[in-house]
Amino acid sequence: MTTSPLLRRSVAGVGPYVPGASAAEVKVRLGREDLIRLNWNENLFGPLPGVLDDVAAELHTVWAYPEEAYEELRLAIAAWSGAAPAQIIPGHGIQALTLAVVATFVDAGDAVIVPRPTYGLYAQACAVAGARVVRVDNAPSLALDLEAIAAAATRHAAKLVWICDPNNPTGLRLDPADWSAFLDALPPGCLAVADEAYHDYIAPEQRIDRLADVDAGRPVIVLRTFSKIFGLAGLRLGYLVVDAALAPHIDAVQEPFNVNRAALSAGVSSLRRTDLLPERRDQVRRARRRLTEPLGAAGIRALPSDANFVLLDLGADDLQVSDALARDGILVRAGSEFGLAGHIRVTTGEDELMGEVARRLVDAAR
């Protein structure tokens, strides 16, 4: 069958989102089963205590569709975050919500601004929609260059700009004063989509209050997830916060019933246990330090991270190092996969594991 004439022109040649090699693929390639996954930024500490019990208790209802309004989850998110329920749209993870934002706002030919490097789905989803994707390279420090991004948005009359904060793959966070100036510099008719997947790992006093921006009518959409600090990546649950006047339009393009009952139960249960999040944040902070301190002593530089991963500047071939680690049973993400040759990205885990990874990294980078 000849597929080319059937495809939308914007779809041809884009290709799927590639998150990197899966553990199953590496197991087949290397013939080993004992792999430690530090390549996909999963929460190795798992869900909060008691959440899985609440999910199990809900499984007897899986014969029925979830309530379309997701009211219980929306009210729980509102109570925790301070957003109004009418501003909250749950979805099947940030990926599904990203696609919904693109479907709502992007017409073929619209310009969108995407930093480089950042999470790869933004550019892919916009390209499939027929947008003109304008890439803006990060500063030499690898921090997001907000001034250059705003200037590109003005120059190209952009419809959307995509901001991941803390950014993936660097782990670097933005300064609140820089964010305010950035919004002031955006052209009329341009929305800033802020992906806050790793927001909960930032110390509360250092966070940018983007929900206040939404309340103030500023052109901001906020994406959040239960995949990271809440440890629910396998259940695919996220939500966005947007001006209430825009919410019905985003809902109109979402797949109906796209959040399953197990995920809804896990989300509500997690939000009953937010008092445990400071310890989770401290766990990750200790894990980053346990990994980076011995590496720094060996001359391997780590970018300062406010996420559950660390980007390392090896001064060596990242593909060779990541392959050597995989043969030792440790999966990390090679920086060459997102345009940062000589770097690797490592997800954090238990202190003992981080010490072992640091030792093997030093050996592999020699």
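This is a predicted model: local features need pLDDT of at least 70, side-chain atom pairs count only at pLDDT 80 or more; totals for chains, interfaces and linings use all residues.
Just after helix α5, glycine 130 takes a positive phi of about 90°.

Helix α5 covers residues 121-128 and is mostly covered, since 6 of its 8 residues are buried. The buried residues of this helix are Leu121, Tyr122, Ala123, Gln124, Ala125 and Cys126.

In general, the strands of a sheet pair through backbone hydrogen bonds, and they may do so in a parallel or an antiparallel way.

## Backbone features in the loops

Most residues other than glycine have a negative phi, and most peptide bonds are trans. Against that background, several places in this model deserve a careful look.

A cis peptide bond joins arginine 116 and proline 117, with omega at about 0°, and proline 117 has its place in the loop between β3 and α5. Another cis peptide bond joins aspartate 165 and proline 166, where omega is about -5°, and proline 166 has its place in the loop between β5 and α7 (176-185).

Leucine 142 has a positive phi of about 75° and is found in the loop between β4 and α6 (146-155). Are these two residues buried or exposed? Because its relative accessible area is 6%, tyrosine 70 counts as buried, and leucine 142 is likewise buried, with a relative accessible area of 14%; the cut-off for buried is under 20%.

## The sheet with β9, β10, β13 and β12

Elsewhere in the chain, an open sheet of 4 strands has the order β9-β10-β13-β12, with antiparallel pairing. Strands β9 and β12 (333-334) stand at the edges, each with a single partner strand, so one side of each is left without a neighbour in the sheet. Strand β10 (residues 309-313) is mostly covered, because 4 of its 5 residues are buried, and buried means under 20% relative accessible area.

Strand β9 (residues 301-302) and β10 run antiparallel and are joined by 2 bridges, and together they form a hairpin with 6 residues between them. On its other pairing, β10 meets strand β13 (residues 343-347) in the antiparallel sense over 5 bridges. The table lists residues that stand across from each other in these pairings.

| Residue | Residue across from it | Strand of the residue across |
|---|---|---|
| arginine 301 | aspartate 313 | β10 |
| alanine 302 | leucine 312 | β10 |
| leucine 312 | isoleucine 344 | β13 |

## Proline 278 in helix α11

Proline 278 lies in helix α11 (residues 277-297) and is partly exposed, with a relative accessible area of 39%. The C-alpha atoms of proline 278 and aspartate 200 are separated by 9.1 Å, while the two residues are 78 residues apart along the chain.

## The protein as a whole

The protein contains 13 helices and 13 strands. How does its radius of gyration fit with a compact globule? A compact globule of 366 residues would have a radius of gyration near 21 Å, and the protein has 21 Å, which agrees. Along its principal axes, the C-alpha trace spans about 55 × 55 × 50 Å.

Of the 366 residues, 52% count as buried. Among contacts with a separation of 6 or more, 73% come from residues 24 or more positions apart. The accessible surface comes to about 16,100 Å², and 53% of it belongs to carbon and sulfur atoms. Finally, the mean positions of the 36 positive and 46 negative charges are 4 Å apart.

Terms used
Residues are numbered from 1 along each chain as its sequence is written. Side-chain values use heavy atoms; hydrogens and water are left out. Buried means under 20% relative accessible area, exposed over 50%, partly exposed in between (1.4 Å probe, protein chains only). The radius of gyration is taken over C-alpha atoms; the globule rule is 2.2 Å times the number of residues to the power 0.38. Contact means heavy atoms within 4.5 Å. Accessible areas come from the Shrake-Rupley method with a 1.4 Å probe; for residues, only the protein chains shown count as cover. Lys and Arg count as positive and Asp and Glu as negative; His and the chain ends are not counted. The place of a charge is taken as NZ of Lys, CZ of Arg, CG of Asp or CD of Glu. Two strands pair if DSSP finds at least two bridges between them.
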